[in-house]
Amino acid sequence: MTPELSQPDGRQAARDARTNTIHTFFRIFNFTSVALVFWLCFSLVVTELVKTLPVMDGGEWVMMVAYLTRQFLASGVLGLLAVALGAALLPERVSARVRWLTVFAMLVTASAASAGIRLWMSRYPRMSPHETAGWFADVVTLWTVLGLIAYGLVGSIQRQAAGRRRLGQQIAEHSALSAAALEARLTVLQAQIEPHFLFNTLANVRRLCEVDPERGQRMLGSLLDYLRAALPAMRRSSTGLGQEFEMVRAYLSVLQHRMGERLRFEIALSERLADAPIPPLILPTLVENAIRHGLAPLPEGGTITVKAAREGGQVVVSVADDGVGFQAASGSGVGLANTRARLSALFGNAASLNLRGNEPRGVIAEVRLPYEGAATALVGAAT
């Protein structure tokens, strides 16, 4: 089966090689390059004949320019043809020395052929053999040197193009690696948040089941409802504010079974912001931090207020409590640190998490996210 599979591959490789050869040839030998050769020939002729203007009338001078330009053009086009064939037919695996020697031989041959054509086209063939040989050598030397210069320029342009292609590939590979590294980093950060979030909640359920089994069962039912909504979101790279707010509502409902009247909460989200994207578990982490450090130390508990608003090109999501306020450990927990790291990895300086004092007491945790283009950033990080 190997020969059967390799034969089509070999034919395809041969077709690709022929196509590349043709494309390379016509990138060099085309209308633009022929036009450039024409203007080069015209410039050489004018430069050579400008000294004859005082001794020739205008009509004769113009005819001589046209005549010599036609002759020069024969050498220029054949030289361009030799350069194009050399660049197209000589593979890259051939050493530079061999390529230059081959192109040199092709240019000498083309220049000699063009000299013969020009002799045949010449109106003034009356030259001695010695003069003819000298003229022939001058033509071959001039157009061989010009052809070698042109071949060097073509090679330089091709190397620059290949360098740009390699640089583009390296940039693409670097971007892919950066995206993969970012995805891995976010996975690690989210994996750190999940057990931190879930284990504390399950510990509360176990503790309540020990002291009040009936309330524990009700709380366990609420927790199951919460997990049905929360676990799928934990595996996503992006979720909507509406889903995140519902998850927070379910989480706070679970905790109310334990804290009773000590926990009150208010949640406000306008419908127009429900689809705004946000990394999952951002809000539950902030709510958990507010309860642990703000409300739990108070015998009377307090109120959690979660809301979102749009300010220009940003969505501002806040979690406020009226608890004990700033403490020594405020803002330094694992959950908040990982939240800041996730926001920085996804949005750079365009997103932030800040804590500030609430009035008359407590703390407000405020997350600012880019509204325009936020979905693109989160999808890009997921892919």
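How many salt bridges does the count come to by the rule of a side-chain nitrogen of Lys or Arg within 4 Å of a carboxyl oxygen of Asp or Glu? Hi everyone, the count comes to 6 salt bridges.

A quick word on the ground rules. This is a predicted model, so local features need pLDDT of at least 70 and side-chain atom pairs count only at pLDDT 80 or more, while totals for chains, interfaces and linings use all residues. Residues are numbered from 1 along each chain as its sequence is written, and side-chain values use heavy atoms, with hydrogens and water left out.

Let's start with the overall picture. The protein has 10 helices and 7 strands; these are DSSP runs numbered from the N terminus, helices being H or I with at least four residues and strands E with at least two. Of its 383 residues, 37% count as buried. Buried means under 20% relative accessible area, exposed means over 50%, and partly exposed is in between, with a 1.4 Å probe and protein chains only. As for contacts (heavy atoms within 4.5 Å), among those between residues at least 6 apart in sequence, 74% join residues at least 24 apart.

Side chains of opposite charge can pair when their charged atoms come close.

Another pair is Arg-361 with Glu-300, where the closest N and O atoms are 3.0 Å apart. Arg-361 lies in the loop between strand 6 and strand 7, and Glu-300 in the loop between helix 8 (282-295) and strand 4, so this pair ties together parts that are 61 residues apart in sequence. Arg-361 is partly exposed, at 36% relative accessible area, and Glu-300 is partly exposed at 42%.

Then we have Arg-368 and Glu-311, with closest N and O atoms 3.1 Å apart. Here Arg-368 is in strand 7 and Glu-311 in strand 4, so the pair ties together parts 57 residues apart in sequence. Salt bridges that share partners join Glu-311, Arg-356, Glu-366 and Arg-368 into one network.

Which charged residue is buried yet has no salt bridge? That is Asp-321, and the nearest side chain of opposite charge, Arg-361, is 7.5 Å away; for charge, Lys and Arg count as positive and Asp and Glu as negative, with His and the chain ends not counted. Asp-321 is in strand 5 (residues 314-321), and its side chain reaches the backbone nitrogen of Gly-323 at 2.8 Å. Its contacts beyond four places in sequence include Thr-303, Asn-358 and Arg-361.

Pro-360 is in the loop between strand 6 (352-357) and strand 7 (363-370).

Methods
A polar contact is a pair of N or O atoms within 3.5 Å; within protein, one must be able to donate a hydrogen and the other to accept it, and residues adjacent in sequence count only if both atoms are side-chain atoms.
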